[in-house]
Amino acid sequence: MTQFKSAEEAAAAGKYVRTVRSFVKREGRLTKGQAAAIERHWPAMGLSISNGQLDLTEVFGNNNPVTFEIGFGMGHSLVEMAKQAPERNFIGVEVHEPGVGACLMAAGQEQVTNLRIYNEDAVEVLKQCIPNQSLDCVQVFFPDPWHKKRHHKRRIIQPEFVELLVAKLTPGGTLHLATDWENYAEHMLEVLTDNSDLRNLSATNDYVPRPQHRPKTKFEQRGERKGHGVWDLIFSKQ
C-alpha cells in the first residue's frame with residue numbers, strides 16, 4: 001500500500017484519506033417541540049458553513065465581544081449565559097440535532113437575540129467561518145473524556161486544536177475549559193501550559209474556581225452530590 005505524507009498528497013494522487021474531525025455528527029430523533037423550534041428560529045439564528053467566513057458585525061448588528069462555545073449539548077447553560085450577558089454575542093456549535101432544537105426552543109422562550117447556532121463540525125466552522133483574532137472567549141465545557149487510555153488520542157483538546165483556537169482569539173481573549181474527569185483536566189492543563197501564546201489565569205497556576213458566568217449543568221450538580229470534582233481552566237492569549 002502506498003504511504004502518503006499528507007491528505008493533500010493523497011488527494012493529488014486521486015486517493016481519499018479520512019481526516020480527524022472534532023465530532024461525529026449525530027442526527028438523533030427530534031421531539032415535535034425541537035423540530036418546531038428549528039423551523040421557527042433557524043432562519044434568524046442558524047448559521048451554515050456554506051455561508052463562508054463571517055462578518056461578525058454584520059451577523060449580530062453590533063461590535064460586541066463574541067463568546068464561542070463548542071459542544072453546547074442541549075444548550076440550556078448557553079442560553080442562560082446569553083440571557084445574562086446581553087452586552088455580549090454568543091455562537092454555539094453542536095453536532096447533535098436534538099441539542100440544536102432544544103437550544104433554539106429555549107432561546108425562543110427566553111427571547112434571546114444575541115445567540116447564533118451551527119449544527120456542524122467545530123473544526124470546520126473554525127477553519128472556514130471564523131476570522132482570526134475575532135473571538136473574545138472560546139468555551140469547551142465537559143467534552144467527551146474518552147476515558148479509556150487507548151482512546152485518549154480522540155480527545156478534542158490536543159495541541160493542534162488549541163493552536164487553532166488561539167489563532168481565533170483576540171489578544172487578551174480567554175480560553176475556558178471545564179471537565180469532571182481529573183485525568184482529562186491534567187491533560188488539558190499540560191496542553192494549554194505548553195502553548196507559549198497562552199497564560200494561565202489561575203492564582204495557583206493550575207485550576208480556577210467556577211466563575212459565576214458559567215452556570216452549573218444538571219449533570220454537574222448530580223455529580224457534585226455524588227462527590228465528583230469539576231475542574232475549570234481559564235487561560236488568556238498573550
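I take helices (H or I, at least four residues) and strands (E, at least two) as DSSP runs, numbered from the N terminus. On that basis I find nine helices and eight strands in the protein chain.

I note that this is a predicted model, in which local features need pLDDT of at least 70 and side-chain atom pairs count only at pLDDT 80 or more, while totals for chains, interfaces and linings use all residues. Residues are numbered from 1 along each chain as its sequence is written, and side-chain values use heavy atoms, with hydrogens and water left out.

**Whole chain.** I use buried for under 20% relative accessible area, exposed for over 50% and partly exposed for in between (1.4 Å probe, protein chains only), and 47% of the 238 residues of the protein chain count as buried. With contact meaning heavy atoms within 4.5 Å, I find that residues 24 or more positions apart account for 78% of the contacts with a separation of 6 or more.

**Second largest pocket.** A pocket here is an open set of points on a 1 Å grid over the protein atoms alone, where a 1.4 Å probe fits, with protein on both sides within 12 Å along at least five of seven lines; lining residues have an atom within 4 Å of a point. I read a volume of about 230 Å³ for the second largest pocket, and of its 15 lining residues M81, R88, F90, Q139 and H213 are the closest to its centre. Helix 4 (76-84), strand 5 (135-141) and strand 6 (169-179) each supply at least two lining residues, and the largest share, three residues, comes from helix 4.

**Helix 8.** I looked up residues 182-193, whose 12 residues reach 16 Å from first C-alpha to last, close to the 16 Å expected at 1.5 Å a residue; the expected span is 1.5 Å times one less than the number of residues. The buried residues of helix 8 are Y184, A185, H187, M188, L189, V191 and L192, and what covers them includes helix 7 (159-168), strand 6, strand 7 (198-200) and strand 8 (231-237).

**Two residues.** R40 lies in helix 2 (residues 32-45) and counts as exposed because its relative accessibility is 68%; the C-alpha atoms of R40 and L104, 64 residues apart along the chain, are separated by 8.8 Å.

Conventions
Points joined across faces, edges and corners; volume = space filled by probe spheres on them.
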